[in-house]
Amino acid sequence: MRRIAVGDVMTRNFISVKPDTNLLECSKVMVKNRVGSLLIISGKKLVGILTERDILWAITKKPDINMKE
């Protein structure tokens with residue numbers, strides 16, 4: 001059986017946004033690019049990852065959240 005390295009399957013053309021991007025815009029970027037997560041980049045530094053699950057949690061647990069802010 002052949003071993004598969006992460007480098008064989010990982011995405012090399014990642015999609016990123018800045019930390020101050022609102023959730024609605026992040027959702028639109030994810031849909032447009034058909035991805036389930038975004039890298040959050042500040043300058044040249046990775047500061048986080050936003051996933052579909054994070055967005056679902058936010059709108060489910062905080063129903064009064066304004067995704068445009």
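Student: In the hairpin of β2 and β3, which residue takes a positive phi?

Tutor: Happy to start there: this is a predicted model, in which local features need pLDDT of at least 70, side-chain atom pairs count only at pLDDT 80 or more, and totals for chains, interfaces and linings use all residues. Residues are numbered from 1 along each chain as its sequence is written, and side-chain values use heavy atoms, with hydrogens and water left out. Strands here are DSSP runs of E with at least two residues, helices are runs of H or I with at least four, and both are numbered from the N terminus. Two residues lie between the strands of this hairpin, and the one with a positive phi, near 70 degrees, is Gly43.

Student: How many bridges join β2 and β3?

Tutor: Two strands count as paired if DSSP finds at least two bridges between them. β2 and β3 run in the antiparallel sense, and within this pair Ile41 stands opposite Leu46 in β3. The number of bridges between β2 and β3 is six.

Student: Which strands stand at the edges of the sheet?

Tutor: The sheet is open, with three strands in the order β1-β2-β3 and mixed pairing. Each edge strand has a single partner, so one side of it is left without a neighbour in the sheet. The edge strands are β1 (16–17) and β3 (45–51).

Student: Is Ser27 buried or exposed?

Tutor: Ser27 sits in helix α2, and leaving aside neighbours within four places in sequence, Ser27 is in contact (heavy atoms within 4.5 Å) with Ile55 and Met67. Buried means under 20% relative accessible area, exposed over 50%, and partly exposed in between, using a 1.4 Å probe and protein chains only. At 18% relative accessibility, Ser27 counts as buried.

Student: And how far apart in space are Lys28 and Lys61, C-alpha to C-alpha?

Tutor: Lys28 is also found in helix α2, and at 49% relative accessibility Lys28 counts as partly exposed. Lys28 and Lys61 are 33 residues apart in sequence, and their C-alpha to C-alpha distance is 21 Å.

Student: What is the phi of Arg34 near?

Tutor: Arg34 is found in the loop between α2 and β2 and, at 79% relative accessibility, counts as exposed. Most residues other than glycine have a negative phi. Arg34 has a positive one, near 55 degrees.

Student: Which residue meets Asp8 in a salt bridge?

Tutor: A salt bridge is a side-chain nitrogen of Lys or Arg within 4 Å of a carboxyl oxygen of Asp or Glu, and by this rule the count is one. The N to O distance is 3.6 Å. The partner, exposed at 66% relative accessibility, is Arg2.

Student: Where is Met10 placed?

Tutor: Met10 is partly exposed, with a relative accessible area of 42%. The place of Met10 is in the loop between α1 (6–9) and β1.
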